[in-house]
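User: I'm new to this structure and would like to learn how to read its features. Could you walk me through a few of them?

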Amino acid sequence: MAATKMQGRGPSKGNIELFSPSYFAACGLGGIISCGPTHTSVTPLDLVKCRRQVDPNIYTSNLSAWRSIFAKEGLRGVFFGWAPTAVGYSFQGAGKYGFYEIFKYYYGEKLFPNANKTVVYLGASASAEFLADIALCPFEAVKVRMQTTLPPYANSLREGWGKVTAKEGLGGLYKGLYPLWGRQIPYTMVKFATFETTVNQIYKTLGKPKESYNALQQTGVSFLGGYIAGIGCAVISHPADVMVSKLNADRQPGVSGGKAMSRIYGNIGFKGLWNGLPVRIAMIGTLTAFQWLIYDSFKVSLGFPTTGGH
């Protein structure tokens with residue numbers, strides 16, 4: 001099995017030392033920049049996806065959904081839920097990318113230097129997402145309630161947060177944490193491991209080391225690798241995504257997560273777990289590609305190497 005091999009601690013082309021606390025903090029900032037704006041930009045897709053997951057008959061198509069929403073509520077209605085999306089996925093992005101870089105370095109370089117690369121990628125991404133989702137979960141809970149109830153449960157992040165905590169306490173913001181982990185941890189493991197493996201394979205196919213290509217070409221490889229990884233992410237995490245939407249929209253206070261999920265599955269069946277998959281593939285594939293493009297472009301701007309291809 002191939003062992004991990006990473007660059008040792010040393011200066012980057014910029015002023016920040018590779019694998020130093022400042023480097024990892026910069027990677028976390030890159031995660032905010034790559035995740036917050038990209039997730040917010042696809043709010044219209046996410047809004048329709050969530051509503052169709054909860055009620056498959058609510059719209060006949062995505063286009064008819066957007067026409068209907070725009071006719072009644074204007075552009076604000078099409079982007080409904082953007083605030084909890086922007087805040088939540090900014091926090092999550094910081095944890096996802098920042099902690100991934102930390103765990104990848106310490107697992108692969110310090111703790112398990114002879115481990116298989118893919119195992120390191122999987123372990124680092126799972127560890128990072130476990131922590132990142134703790135920050136995301138409250139905002140995801142408010143977002144889903146806002147987007148999947150008609151009339152809306154709340155009209156703003158502040159209102160939604162206040163209503164949930166007033167009725168259910170802080171625990172109400174975390175009742176979807178286990179299914180969120182069930183959705184996001186496999187998603188992120190596929191996202192990072194597939195990306196790193198795909199990028200390595202692209203450079204092998206091109207026949208030259210990564211360093212022989214300029215920054216624009218390297219970030220182009222990041223974009224392609226990100227899109228391929230995004231398709232896998234969407235498929236593997238979709239059933240849990242449907243369950244998160246259903247739980248946040250339809251779980252009664254005091255009912256255990258296991259009982260709630262059993263009842264929901266009994267209502268929708270296996271087929272229902274795949275409602276909205278084509279929309280999610282389009283959304284996540286594009287989203288993941290742009291996230292890797294933005295993240296690696298940010299790293300290049302600071303003099304860091306792009307991700308993968310070592």
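User: Let's start with helix α5. How many of the 32 residues of α5 are buried?

Analyst: Keep in mind that this is a predicted model. A residue counts as buried when its relative accessible area is under 20%. In α5, 23 of the 32 residues are buried, so the helix is largely enclosed by the rest of the structure.

User: Which residue caps the N-terminal end of α5?

Analyst: That is Asn116, which places a side-chain oxygen 2.9 Å from the backbone nitrogen of Thr118.

User: Now salt bridges. How many does a search of the whole structure find?

Analyst: The general idea is that side chains of opposite charge can pair when their charged atoms come close. Here the search finds 8 salt bridges. One of them joins Arg145 and Glu168, at 2.9 Å from N to O. Arg145 belongs to α5 and Glu168 to helix α6 (residues 157–168), so this pair ties together parts that are 23 residues apart in sequence.

User: What does Lys104 form a salt bridge with?

Analyst: Its partner is Glu196, and the closest N and O atoms are 2.9 Å apart. This pair links distant parts of the chain: Lys104 sits in helix α4 (residues 82–111) and Glu196 in helix α7 (residues 177–206), 92 residues apart. Lys104 is buried, with a relative accessible area of 8%, and Glu196 is buried too, at 1%.

User: Finally, which residues form the nonpolar patch on the surface?

Analyst: They are Phe99, Phe130, Leu131, Ile134 and Tyr174, which together have about 380 Å² of accessible area. Helix α5 (residues 117–148) gives the most to this patch, with 3 residues. Ile134 is found in α5, and it is partly exposed, at 34% relative accessible area.

Notes
Residues numbered from 1 in each chain as written. Predicted model: local features only at pLDDT ≥ 70, side-chain atom pairs only at ≥ 80, totals over all residues. Heavy atoms only, no water. Patch = residues over 30% accessible without salt bridge, like charges linked within 9 Å, V, L, I, M, F, W, Y side chains within 5 Å. Areas by Shrake-Rupley, 256 points an atom, 1.4 Å probe, with all protein chains shown as cover. Salt bridge = Lys/Arg side-chain N within 4 Å of Asp/Glu carboxyl O. Helix = DSSP H or I, 4+ residues; strand = E, 2+ residues; numbered from the N terminus. Buried < 20%, exposed > 50% of the residue type's maximum accessible area, 1.4 Å probe, protein only. Polar contact = N/O pair within 3.5 Å; in protein donor to acceptor, adjacent residues only side chain to side chain.
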